[in-house]
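Reader: I have the sequence and the model open. Walk me through some local features, one question at a time.

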Amino acid sequence: MPTVNAIAATSATDPLVRTTIERRDLGPRDIMIEIRYAGICHSDIHTVRGEWGTVPYPLTVGHEIVGKVTAVGAEVTKHAVGDRVGVGCMVNSCRECANCRAGQEQYCLKGNTGTYAGVDRDGSVTQGGYSTHVVVDEDFALVVPESIPYEAAAPLLCAGITTYSPLAHWQAGPGKKVAVVGMGGLGHMGVKIAAAMGAEVTVLSQTLGKKDDGLAFGAEHYYATSDPATFEVLANTFDLIVNTVSAPIDINAYLGLLRLDGTLVSVGAPPEPLPVQVFSLFNNRRSFAGSSIGGIAETQEMLDFCAERGIAPEVEIIDADAVNEAYERVLKSDVRYRFVIDIDSLR
């Protein structure tokens, strides 16, 4: 089993540290990827700090992975040595249940295998992309179009597909009014993608501090949710609201912004429950939903969509030794808009 350099969490409270981890030997349908960049997602922080449940420490996180194929198994047909590829939030699924057969592997009825903190097919704990190499099944590696720079491609594998999937499912497009709650790593991608789909986009952020950015990314309107008047002015307005915030918000207040048959979908995942008053749903026959990443085919569709339209996340590239500082800055919303680790600094 190959041993590779990595960064790992050893507990919920200690800083992440440099270490080494083992990758499985190349199977007949596996590919080895030399990782070039790995994005930092808020999910990584929730996980390593034990906010979403028990963690199998030591753990290497990271599910926004891009790099180059350096070796392939004997039966691999989808990728070749030298190909630009990416890996997102899952690395396997049962392939047999109704959801998997429908191309919705993220909703595998037996549970998909997460890129980190999951149980791999050999019984080992999966380790993520804060490392120099990863071995994955060829079916769960995406083709990264040449027009998307490596470092910009990384966050698309989570932030991109997490916002693209609900926007596509609820048919954001011309004639639809879409609001994006939050202007962070997820939110700024939601704005860019919804605008590219042709929707009329509004940003709902705590303050107006990122208004210029939001408008530059394609939003037509920008409101501060700290101003109570916002919820009066925008009542009964939106067809779709995408909540990207990973902290508690007043869901009932936001439901009041939906027009007839509108939907509020949460893609941010705070550890705390989000209480909903059923009467908030009765008015205008509103819906409150959730959405989790996308299947492999839809993720490839998203990458191609972004490549064709020149859409890419705004990134700040950091060295491996700056990860702990980056975590603290994410928690303070002090990043515009996604940290990406240059894995060459880990070699």
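Reader: Is T162 buried or exposed?
Author: This is a predicted model, where local features need pLDDT of at least 70, side-chain atom pairs count only at pLDDT 80 or more, and totals for chains, interfaces and linings use all residues. Residues are numbered from 1 along each chain as its sequence is written, and side-chain values use heavy atoms, with hydrogens and water left out. Buried means under 20% relative accessible area, exposed over 50%, and partly exposed in between, with a 1.4 Å probe and protein chains only. T162 has a relative accessible area of 6%, so T162 is buried.

Reader: Which backbone oxygen lies 2.7 Å from a polar atom of the T162 side chain?
Author: T162 lies in helix 4, residues 159-169. Helices (H or I, at least four residues) and strands (E, at least two) are DSSP runs, numbered from the N terminus. The oxygen at 2.7 Å belongs to the backbone of C158.

Reader: In which loop is Q171, and is Q171 buried or exposed?
Author: Q171 sits in the loop between helix 4 and strand 10 (177-181). Its phi is positive, about 60°, although Q171 is not a glycine. With a relative accessible area of 57%, Q171 is exposed.

Reader: What is the accessibility class of N284?
Author: N284 is in the loop between helix 9 (278-282) and strand 15. Its phi is near 65°, a positive value in a residue other than glycine. The relative accessibility is 25%, so N284 counts as partly exposed.

Reader: What is the strand order in the open sheet of six strands?
Author: Two strands pair if DSSP finds at least two bridges between them. The edge strands, each pairing on one side only, are strand 12 (221-224) and strand 15 (287-290). The pairing is parallel, and the order is 12-11-10-13-14-15.

Reader: Which residue of strand 12 is the bridge partner of S205?
Author: Strand 11 (residues 200-205) runs parallel to strand 12, and four bridges join them. The partner of S205 is A224.

Reader: Why is strand 8 largely enclosed, and which residue of strand 8 stands opposite E34?
Author: Four of the five residues of strand 8 are buried, so strand 8 is largely enclosed by the rest of the structure. Strand 3 (residues 30-39) pairs with strand 8 in the antiparallel sense, over five bridges. The residue opposite E34 is H133.

Reader: What is the volume of the second largest pocket?
Author: On a 1 Å grid over the protein atoms alone, a cavity is a set of points where a 1.4 Å probe fits but cannot get out; a pocket is an open set with protein on both sides within 12 Å along at least five of seven lines; lining residues have an atom within 4 Å of a point. Grid points are joined across faces, edges and corners, and a volume is the space filled by probe spheres set on the points. The second largest pocket is lined by 16 residues, and R23, D120, V125, T126 and Q127 lie nearest its centre. Its volume is about 230 Å³.

Reader: Which strand gives the most to that pocket's lining?
Author: The contribution is four residues. They come from residues 133-137, strand 8.

Reader: What is the volume of the largest cavity?
Author: A search of the whole structure finds one cavity of 30 Å³ or more. Among the lining residues of the largest cavity are C89, L142, I161 and T299. The volume is about 80 Å³.

Methods:
Polar contact = N/O pair within 3.5 Å; in protein donor to acceptor, adjacent residues only side chain to side chain.
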